[in-house]
Amino acid sequence: MKWSLLELRKYQETPLTFHETLDLKASLMKRDNLILDVAPVEVEGLVSVDNKGYLVHYTVQTTLTVPSTRSLEPVELPMDFSVDEVFMTEEQYQRRDDQMSADEILLIEGPQLDLAESVEDNILLAIPMRVLTKEEEQTTDLPKGTDWEVVSEEEYERRKLEEAETKIDPRLAKLSELFDSESEEDDNA
């Protein structure tokens with residue numbers, strides 16, 4: 001998915017539309033070692049060209065296989081999302097107006113617009129932090145073993161509060177012993 005900037009100038013009147021299937025398996029697995037497999041990536045979109053820059057809109061459809069964040073079992077993760085990005089050459093970037101933040105602009109290095117890296121970046125960004133198998137999603141049981149267990153944040157906070165209520169501050173332990181001995185004396189009297 002590379003186009004020369006000279007070729008793209010022909011599309012100032014009407015946008016360039018594209019529909020391609022990319023094999024990004026090797027490059028995605030190299031960039032993120034947790035990815036186990038990548039199905040062919042379907043990319044469909046358009047490139048709109050004007051003197052201010054290159055506006056690119058595309059949709060990505062693929063399926064990644066990644067490990068479950070709980071059990072490390074392989075999970076197929078279907079992905080279907082849209083991306084809007086603005087590309088500029090160095091000259092266009094220097095002439096840009098202040099309405100567009102520099103964070104929203106991707107610089108084109110060289111004489112070509114290459115969308116493969118943009119597609120890869122957006123696929124990696126779309127991987128959720130928590131990936132579970134269907135069984136793990138349906139159960140509330142969390143993994144545990146000898147002397148360890150996984151607990152939810154709510155359960156952790158509840159246990160921490162319980163422990164704080166029952167635990168005696170070591171600095172006050174002597175005071176509690178004093179009260180205990182006084183109550184025993186009162187009982188004997």
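A search of the whole predicted structure finds 7 salt bridges. A salt bridge here is a side-chain nitrogen of Lys or Arg within 4 Å of a carboxyl oxygen of Asp or Glu. The model is predicted, so local features need pLDDT of at least 70 and side-chain atom pairs count only at pLDDT 80 or more, while totals for chains, interfaces and linings use all residues. Residues are numbered from 1 along each chain as its sequence is written, and side-chain values use heavy atoms, with hydrogens and water left out.

One of the salt bridges joins the side chains of D121 and R31, at 2.4 Å from N to O. This pair links distant parts of the chain. Helices are DSSP runs of H or I with at least four residues, strands are runs of E with at least two, and both are numbered from the N terminus. D121 is partly exposed, at 28% relative accessibility. R31 is also partly exposed, at 42%. Partly exposed lies between buried (under 20% relative accessible area) and exposed (over 50%), computed with a 1.4 Å probe on protein chains only.

A second pair involves helix 6. The side chains of E149 and R159 meet in a salt bridge of 2.9 Å, N to O. E149 belongs to strand 10 (residues 148-149) and R159 to helix 6 (residues 153-166), so the bridge ties together parts 10 residues apart in sequence. E149 has 39% relative accessibility and counts as partly exposed. R159 is partly exposed too, at 34%.

R158 is partly exposed at 39%, and E162 is partly exposed at 41%. Salt bridges with shared partners join E149, E155, R158, R159 and E162 into one network.

Helix 4 (residues 116-126) also holds N122. This residue is buried, with a relative accessible area of 15%. The N122 side chain makes a polar contact of 3.3 Å with the side chain of E85. A polar contact is a pair of N or O atoms within 3.5 Å; within protein, one must be able to donate a hydrogen and the other to accept it, and residues adjacent in sequence count only if both atoms are side-chain atoms. Leaving aside neighbours within four places in sequence, N122 is in contact (heavy atoms within 4.5 Å) with Y58, F81, V83 and E85.
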